[in-house]
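Open the model in your viewer and follow the stops below in order. Each stop gives a selection and what is found there.

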Amino acid sequence: MAKLNFIMLSLVVLVVAITCVPSLAVEENEPKKLWDQCVVKISPKCALKIISQVFGDGVVSIPCCKELVHEGKECHDTLIKYIADRPSLIGNESKYLQKRDEVWAYCVSVSKAVSPA
């Protein structure tokens, strides 16, 4: 449990850093324009819920799923991959990338189900 709390705290700090100072969070090989476009499309609250589901045992709400789908798959994939590449998480990267894809599929299906026709 302590390890999960440490990971969640680390992720919260990372998300805050990304949101507040995106230029410091971008690695040189990442396209800064895409990074800047992705970070502004989703609220910090929903970003934390998505991160919590991918890297822990959280659950993404329907409103956050709508934000995620609006964010777009490329942004979702890029941001989760960026977090999963951290040294403390890289050992489980394939598990996190699978969970990333599961969250995306779930959110797309939920968003379509609740969207007005």
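Start with α4: its buried residues (under 20% relative accessible area with a 1.4 Å probe, protein chains only; over 50% is exposed, in between partly exposed) are C46, A47, I50, I51, S52, Q53, V54 and F55. The model is predicted, with local features requiring pLDDT of at least 70, side-chain atom pairs pLDDT 80 or more, and totals for chains, interfaces and linings using all residues. Residues are numbered from 1 along each chain as its sequence is written, and side-chain values use heavy atoms, without hydrogens or water.

Helices here are DSSP runs of H or I, at least four residues, numbered from the N terminus.

Axes are lines fitted to C-alpha atoms over the stretch in contact, with angles from 0 to 180 degrees between N-to-C directions. Show Q53, V54 and F55 of α4 with Y96, K99, R100 and V103 of α7, which make the contact (heavy atoms within 4.5 Å).

Finally, select helix α5, residues 62-71, whose axis comes within 10 Å of that of α4 and crosses at roughly 95°. That makes α4 roughly perpendicular to α5. C46, K49 and I50 of α4 meet C64, E67 and L68 of α5.

How values were computed
Helices (H or I, at least four residues) and strands (E, at least two) are DSSP runs, numbered from the N terminus. Angles under 35 degrees count as roughly parallel, over 145 as roughly antiparallel, 65 to 115 as roughly perpendicular and the rest as oblique.
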